[in-house]
Amino acid sequence: MAAAAARHSTLDFMLGATADCNAVLKALQPVFQEQGMTETVHNWEDHGYLATYIQKNGSFANLRIYPHGLVLVDLQSYNDQTKGKEETDRLLDKVEERMKELFHGNIKRVKRLPAILRGGAIDRYWPTADGRLVEYDIDEVVYDEDSPFQNIKILHSKQFGNILILSGDVNLAESDLAYTQAIMGSGKENYAGKEVLILGGGDGGILYEIVKLKPKMVTMVEIDQMVIDGCKKYMRKTCGDVLDNLKGECYQVLIEDCIPVLKRYAKEGRMFDYVINDLTAVPISTSPEEDSTWEFLRLILDLSMKVLKQDGKYFTQILQKDSWRKLMLE
């Protein structure tokens with residue numbers, strides 16, 4: 001039997017002209033009443049109608065009719081996913097059919113979004129860094145632990161493989177080799193015999209790919225040992241065996257905050273051919289001096305420049321073009 005969850009479905013109509021709110025309400029009332037739903041209607045002289053329909057099992061629908069021609073239907077039910085989808089689709093089909101009969105082609109747009117399932121055993125919805133919501137085909141929680149710094153989740157997706165999520169921020173999936181290649185320079189860089197510093201990168205993806213390219217030495221600075229522990233067990237397609245040991249022939253992994261490490265390297269005059277900033281979207285530090293995200297990013301950039309050779313290169317992720325422009329110009 002499918003797991004139960006609250007299903008929130010929507011159906012929107014944009015009419016080609018202003019709406020006779022009372023006529024729309026009268027036309028759609030029978031659709032809901034046939035389901036044995038109890039009706040409550042609110043109306044405002046200049047702002048249209050809101051009708052609420054409630055079933056005995058607690059399922060309910062909101063019908064919002066705006067005078068300028070926008071009609072919205074929101075429906076929420078709680079039951080197993082298969083049964084709930086079938087019942088909801090039938091009801092919304094009837095609403096759509098009745099609206100088309102009523103307006104005879106005078107509907108500019110009909111929009112039915114996929115239902116959002118809330119309160120299920122597995123959370124499939126994760127926001128992006130720029131505020132969009134993505135639904136993944138998550139079918140298993142592989143790893144879920146709280147470290148001293150953050151919550152660490154590794155979830156399995158049928159499409160993307162295991163996905164690393166840190167404090168609600170989607171970091172990397174096993175299928176994201178393209179991201180790793182891009183932050184390394186898209187195959188255009190020669191890492192052979194070079195000194196490389198990786199900031200963050202606890203999933204091990206960058207380290208694993210660079211080690212293949214015969215560098216002189218790669219130093220990776222990751223603050224959270226538990227990220228490494230989770231990834232070396234459940235993200236093997238990303239990191240291979242490189243996280244099994246914190247030291248190898250041409251690499252070392254330091255479990256430290258990168259800020260004091262960068263300051264120490266700058267003081268010692270330690271220089272690198274490449275600095276790759278793979279810190280999380282909301283950076284983590286044990287240093288209390290930098291409270292704001294922007295100040296933290298400025299500090300990381302400034303310290304990275306101090307340990308970068310004159311002809312060296314600095315790679316980082318760019319999540320939001322306008323935000324990056326602000327960082328560079330200010």
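Buried here means under 20% relative accessible area, while exposed means over 50% and partly exposed lies in between. With that in hand, let us tour this predicted model in a handful of views.

Figure 1. We start with Asp-278, which belongs to strand E17, spanning residues 272–278. Its relative accessible area is 10%, so Asp-278 counts as buried. The feature "active site" is placed at Asp-278 by UniProt, in an unreviewed entry. Setting aside residues up to four places away in sequence, Asp-278 touches Tyr-179, Ile-183, Leu-199, Gly-200, Gly-201, Asp-203, Ile-206 and Gln-317.

**Figure 2. Gln-29, a buried residue in helix H1.** Here we visit helix H1, residues 21–33, where Gln-29 sits. Gln-29 has a relative accessible area of 12% and is therefore buried. What does Gln-29 touch, not counting residues up to four places away in sequence? The partners are Glu-39 and Tyr-53.

Figure 3. His-104 is not a glycine, yet its phi is positive, at about 50 degrees. You will find His-104 in the loop that runs between helix H2 (81–103) and strand E6 (107–111). With a relative accessible area of 71%, His-104 is exposed. Lys-214, also not a glycine, has a positive phi of about 60 degrees. Its loop lies between helix H4 (205–211) and strand E15 (217–222). Is Lys-214 buried or exposed? Its relative accessibility is 63%, so Lys-214 counts as exposed.

Figure 4. Apart from neighbours within four places in sequence, Ile-122 is in contact with Ile-138, Asp-139, Glu-140 and Val-141. Asp-144 lies 22 residues from Ile-122 along the chain, and the C-alpha atoms of the two are 12 Å apart.

**Figure 5. Lys-237, an exposed residue in helix H6.** Helix H6 covers residues 236–239 and includes Lys-237. Because its relative accessibility is 68%, Lys-237 counts as exposed.

**Figure 6. The whole protein, as a setting for the close-ups.** Stepping back, the protein has 9 helices and 18 strands. Its C-alpha atoms fill a box of roughly 80 × 50 × 35 Å along the principal axes. The radius of gyration is 27 Å, whereas a compact globule of 330 residues would have one near 20 Å. Of the 330 residues, 44% count as buried. Looking at contacts between residues at least 6 apart in sequence, 60% join residues at least 24 apart. The protein exposes about 17500 Å², of which carbon and sulfur atoms supply 49%. Finally, there are 40 positive and 50 negative charges, and their mean positions are 3 Å apart.

Conventions. Residues numbered from 1 in each chain as written. Predicted model: local features only at pLDDT ≥ 70, side-chain atom pairs only at ≥ 80, totals over all residues. Heavy atoms only, no water. Helix = DSSP H or I, 4+ residues; strand = E, 2+ residues; numbered from the N terminus. Rg over C-alpha atoms; globule rule 2.2 N^0.38 Å. Buried < 20%, exposed > 50% of the residue type's maximum accessible area, 1.4 Å probe, protein only. Contact = heavy atoms within 4.5 Å. Areas by Shrake-Rupley, 256 points an atom, 1.4 Å probe, with all protein chains shown as cover. Lys, Arg positive; Asp, Glu negative; His and termini not counted. Charge placed at Lys NZ, Arg CZ, Asp CG, Glu CD. UniProt positions renumbered as here; feature names shortened; annotations may be inferred.
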